[in-house]
Amino acid sequence: MNTRPIYTTAEIRKIESLVLSVPHSPPLMEKAGLAAAKVAHTRLLTDDKQRILILAGPGNNGGDALVAARHLREWGRQVTLVFTGEAGRLPQDARQALEQWQSAGGTVIPELPPDGQWDAAIDGLFGIGLNETRLLAESYRQLIRQINQLNLPVLALDIPSGLLSDSGRVSDVAVKAAITTTFIALKPGLLTHDGCDYCGKIMVCDLELDAAALIPPQNWLLDRAGIVQRLPSPRRANSHKGTYGRLGILGGATGMIGAALLTGRAALKLGAGRVYLGLLAQDDVPVVDPVQPELMLRSPSDFFNPDFLEGLVIGPGLGSEIAACICLERALQTCLPLVLDADALNLIAQHTELSSTLQARKAPAILTPHPAEAARLLNTSVTEIQRNRLEAARNLAREFNCAVVLKGAGSICAFPNGHCHFNTSGNPGLSSAGTGDVLSGFLGALLVQGLPPENALLLAVYLHGAAADVLLKQQNGPLGMVASEIIPAARNLLNCWIEEENPGW
């Protein structure tokens, strides 16, 4: 499948070490700096824009910036170079880049001039050099605040300075980039958590290296190219409702019936042949969904008869009463593929016997936690989950032996074998009630139509976000987007994708 790999900082360092250890190794810094200069030249310094501010830090990221500065000066651009390091303490390649810059007539200044005027800027302060134990000093925080206040289009080299490469977390302040040119391969922090707000357009420059040939990747980008081969097959004329699965949905306790209804409607419109709702509400339980009368409402006790269902979603609006615990326990004891969402996850976190039953299951299950639910499942805090979303998603998948989507900006899909996928679709319009219930319905529908759990998870997550992206354009923004709107948009998209991949079927 055409998917792009993602590497952690440690893996990138290992790739660099492997490349540089061979005789006549390629000049990686020269390649990176030239690539950055070309991006700045063609994307930022267009028309009559000539003036560029370049910030070079105390390490190899600063060396990349120095190389870029040299090329831009050679091409006739007006370069102001702020160098924040010490020449004598630079790594060898970066020191050589500084010497070449100075030999070519370039000068450096130690701080931002108060009266400077520029058309664009390049951030080469730190790149992937920061981590949880090495954060920005106050002088750099002040400098980054100054850069952001200039309101210039900024090209960040590798990753915006202040953004942590492995987690996507900003501890205090980070450069707000218009474009990020990242070298060798994508990094997790570009794609999740705060990275989604700071990186701008991400461009990968592989420096003519085949990273996957050097270190087999464990993490990949989830984009349109990555889901093409995961689509359901076109429907045969000789088929019927039983061909496309029987899905049950358990939830909808008193005051939360809407959650289960959204899940059911989503499952029905994403192609499940028959969808049954088991509502746990005690009062005013509807006997039919007037919006979607095709949904079949049954007693929750019916859902555990052998051969009644081919998949089960449990959790949307489930509540925490004893009836909810009993239903969840019985669901975990079945051999059905499960989607566990919302209150089902909270109950598993609260009751060790439910957690143990889940861990021992042989049938597949998919967990769909947001950060707070993930924190409960891992007995930690939301802060710790967000501190390293990749690690949290991977830990959940391994501990519960399940496929997992850790929802949020840059949702991460993780599997028990350690493989993870970073979703690229979606927007802030999904930050509204019920969107998670819709995702669960999509997952259940794809499972009962026969998709393997991995394909069902990756396709549902990407489709869910892509549908929201369609609505974003139609509605000129994310404000007021609601969960029920995602359903028809996703149905239309999925049909279009299947048709595009199978023209004339």
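Predicted model: local features only at pLDDT ≥ 70, side-chain atom pairs only at ≥ 80, totals over all residues.
What is the order of its strands? It's 3-2-4-5-6-7, an open sheet of six strands with parallel pairing. At the edges you'll find strand 3 (78-83) and strand 7 (201-205). Each of those has a single partner strand, so one side of each has no neighbour in the sheet. Going from one strand to the next, the twist averages 20°.

Right, on to helices. Take helix 2, residues 28-44, and helix 3, residues 60-74: their axes are 7 Å apart, and they pack at an angle of about 55°. That angle is why we call helix 2 and helix 3 oblique to each other. The crossing there is right-handed. Quite a few residues take part: helix 2 brings, among others, Met 29, Gly 33, Ala 37 and His 41, while helix 3 brings residues including Asn 60, Asp 64, Val 67 and His 71. Sorted by class, this contact of helix 2 with helix 3 has nine nonpolar, five polar and three charged residues.

Next pair: helix 16 (residues 435-448) and helix 18 (residues 483-501). Their axes come within 8 Å and cross at roughly 30°. Are they roughly parallel or oblique? Roughly parallel, because angles under 35 degrees count that way. This crossing of helix 16 and helix 18 is right-handed. Who meets whom? From helix 16 we have Thr 435, Val 438 and Phe 442, and they meet Ala 483, Ile 486, Ile 487 and Ala 490 of helix 18. By class, that contact has six nonpolar residues, one polar and no charged ones.

Is His 421 buried or exposed? His 421 has a relative accessible area of 5%, and under 20% counts as buried, so buried it is. And which residues does His 421 touch? Leaving out anything up to four places away in sequence, the list is Trp 220, Leu 222, Arg 230, Ser 411, Ile 412, Cys 413, Phe 415, Glu 454 and Leu 458. Have a look for them in the structure above.

That's my tour, thanks everyone!

How values were computed. Residues numbered from 1 in each chain as written. Heavy atoms only, no water. Axes fitted to C-alpha atoms, helices over the stretch in contact; angles between N-to-C directions. Helix = DSSP H or I, 4+ residues; strand = E, 2+ residues; numbered from the N terminus. Parallel < 35°, antiparallel > 145°, perpendicular 65-115°, else oblique. Left-handed = near helix turned anticlockwise from the far one by under 90°. Contact = heavy atoms within 4.5 Å. Nonpolar A, V, L, I, M, F, W, Y, C, P; charged D, E, K, R; others polar. Pairing = 2+ DSSP bridges. Buried < 20%, exposed > 50% of the residue type's maximum accessible area, 1.4 Å probe, protein only.
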